[in-house]
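This report describes the fold and selected local features of one protein chain. The sequence and the model are shown first.

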Amino acid sequence: MEPDAKINALEAPFPLQSNGLPERWDAEQVAKALIKAFVTLDRLPRSRGPREPGGHWPRHQVEWADQLAQAELGEAERRDRAATLNRSELRPTSAEIAQMDAVIDWLRQLRLVDSGMALVTSLWAARTARGRSVKALCKEKKWAPHTFYRKRAKALSYLASWLNDRNILVF
C-alpha cells in the first residue's frame, strides 16, 4: 500500500452507522454527551420542598391606564411580552433520562481512575450546559486554565477509549 493511501486512511473519519452517527466514540462526542446530560438534568422536575422565589403576591388589579399603555405597544414588544408570559418547560423523555444516567455513570468510572479529572470534567460540563463562564470557574477555584483544559482533554479522550473498548454505541 502506498504511503499516501495509508495517511489518507488514517485521517478518514470513522464509518457512519445507518442513523448518521459514527460507530466509535471520540473526545468531541463524549463532550457533547456530557453537556447534553447536564442539560437534561436541569430540565428534570425539581424535588418537593419550598416554592421557587416569585409568584407569591396576590394578583393585582389592572387599571384602565395600564391597559391603554399595553394597547399602544409595538407588535414586537407585544410578542416578546406574550412569549415571556406563556413560557412552558419541556420535560425530558425517558430515552433522554436513560442517556443522562449512562453518561453520569461515565463520570463515576472516571472518578475511580482520577478524581481530579472527574471533578474538572463534571464542573466544565455543568458550566457549559448552563451557559456560564469556564474562565470564571478557573478563577473561583484558583486553577490555571491551561491545566484545566489539559485535564479536561485527557479525561474526554480516556472516556472515549473506555467506551470504545466496551463497544458502547454512540448516541
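The sections below go from the chain as a whole to helix packing and then to single residues.

## Overall architecture

The model is predicted. The protein chain contains eight helices and zero strands, and from the N terminus on its elements run α-α-α-α-α-α-α-α.

The protein chain has 171 residues, of which 22% count as buried. If contacts in the chain between residues at least 6 apart in sequence are considered, 68% of them join residues at least 24 apart.

## Packing of H2 against H8

Two packed helices are described by the angle between their axes and the distance between the axes. For helix H2 (residues 27-43) and H8, the angle is about 100 degrees and the axes are 8 Å apart. An angle of 65 to 115 degrees counts as roughly perpendicular, and H2 and H8 are therefore roughly perpendicular to each other.

On the H2 side, the contact is made by Ala27, Val30, Ala31 and Leu34. H8 contributes Leu156, Ser157, Leu159, Ala160 and Leu163. By residue class, the contact of H2 with H8 divides into eight nonpolar residues, one polar and no charged.

Helix H7 spans residues 134-141, and its buried residues are Val134, Leu137 and Cys138. These residues cover an arc of only 100 degrees around the axis, which puts them on the same side of H7. Helix H6 (115-129) and helix H8 (145-165) are among what covers the buried residues of H7.

Lys135 and Lys139 are exposed on the other side of H7. For lysine 135, the relative accessible area is 70%.

## The ends of H7

At the N-terminal end, H7 is capped by serine 133, with a side-chain oxygen of this residue 3.2 Å from the backbone nitrogen of lysine 135.

Just after H7 comes lysine 142, with a positive phi of about 60 degrees. This residue lies in the loop between H7 and H8. Lysine 142 counts as exposed, because its relative accessibility is 75% and the cut-off for exposed is over 50%.

Most residues other than glycine have a negative phi. Asparagine 167 is not a glycine, yet has a positive phi of about 55 degrees. Lysine 142, described above, is likewise a residue other than glycine with a positive phi.

Asparagine 167 is found in the segment after H8. Its relative accessible area is 66%, so asparagine 167 is exposed.

## Arginine 127 in H6

Is arginine 127 buried or exposed? Arginine 127 has its place in helix H6, and with a relative accessible area of 10% this residue is buried. The cut-off that applies here is under 20%.

Leaving aside residues up to four places away in sequence, arginine 127 touches Arg132, Ser133, Ala136, Leu137 and Glu140. Among these, Leu137 is one of the buried residues of H7, and serine 133 is the residue that caps the N-terminal end of H7.

Arginine 130 is placed in the loop between H6 and H7. Its relative accessibility is 44%, so arginine 130 counts as partly exposed. The side chain of arginine 130 makes a polar contact of 2.9 Å with the side chain of aspartate 42. Arginine 130 and isoleucine 35 are 95 residues apart in sequence, while their C-alpha atoms are 8.9 Å apart in space.

Glycine 116 is in helix H6. At 23% relative accessibility, glycine 116 counts as partly exposed. The C-alpha atoms of glycine 116 and arginine 152 are separated by 9.6 Å, and the two residues are 36 residues apart along the chain.

Terms used: Residues numbered from 1 in each chain as written. Predicted model: local features only at pLDDT ≥ 70, side-chain atom pairs only at ≥ 80, totals over all residues. Heavy atoms only, no water. Buried < 20%, exposed > 50% of the residue type's maximum accessible area, 1.4 Å probe, protein only. Helix = DSSP H or I, 4+ residues; strand = E, 2+ residues; numbered from the N terminus. Arc of directions from axis to C-beta. Contact = heavy atoms within 4.5 Å. Polar contact = N/O pair within 3.5 Å; in protein donor to acceptor, adjacent residues only side chain to side chain. Axes fitted to C-alpha atoms, helices over the stretch in contact; angles between N-to-C directions. Parallel < 35°, antiparallel > 145°, perpendicular 65-115°, else oblique. Nonpolar A, V, L, I, M, F, W, Y, C, P; charged D, E, K, R; others polar.
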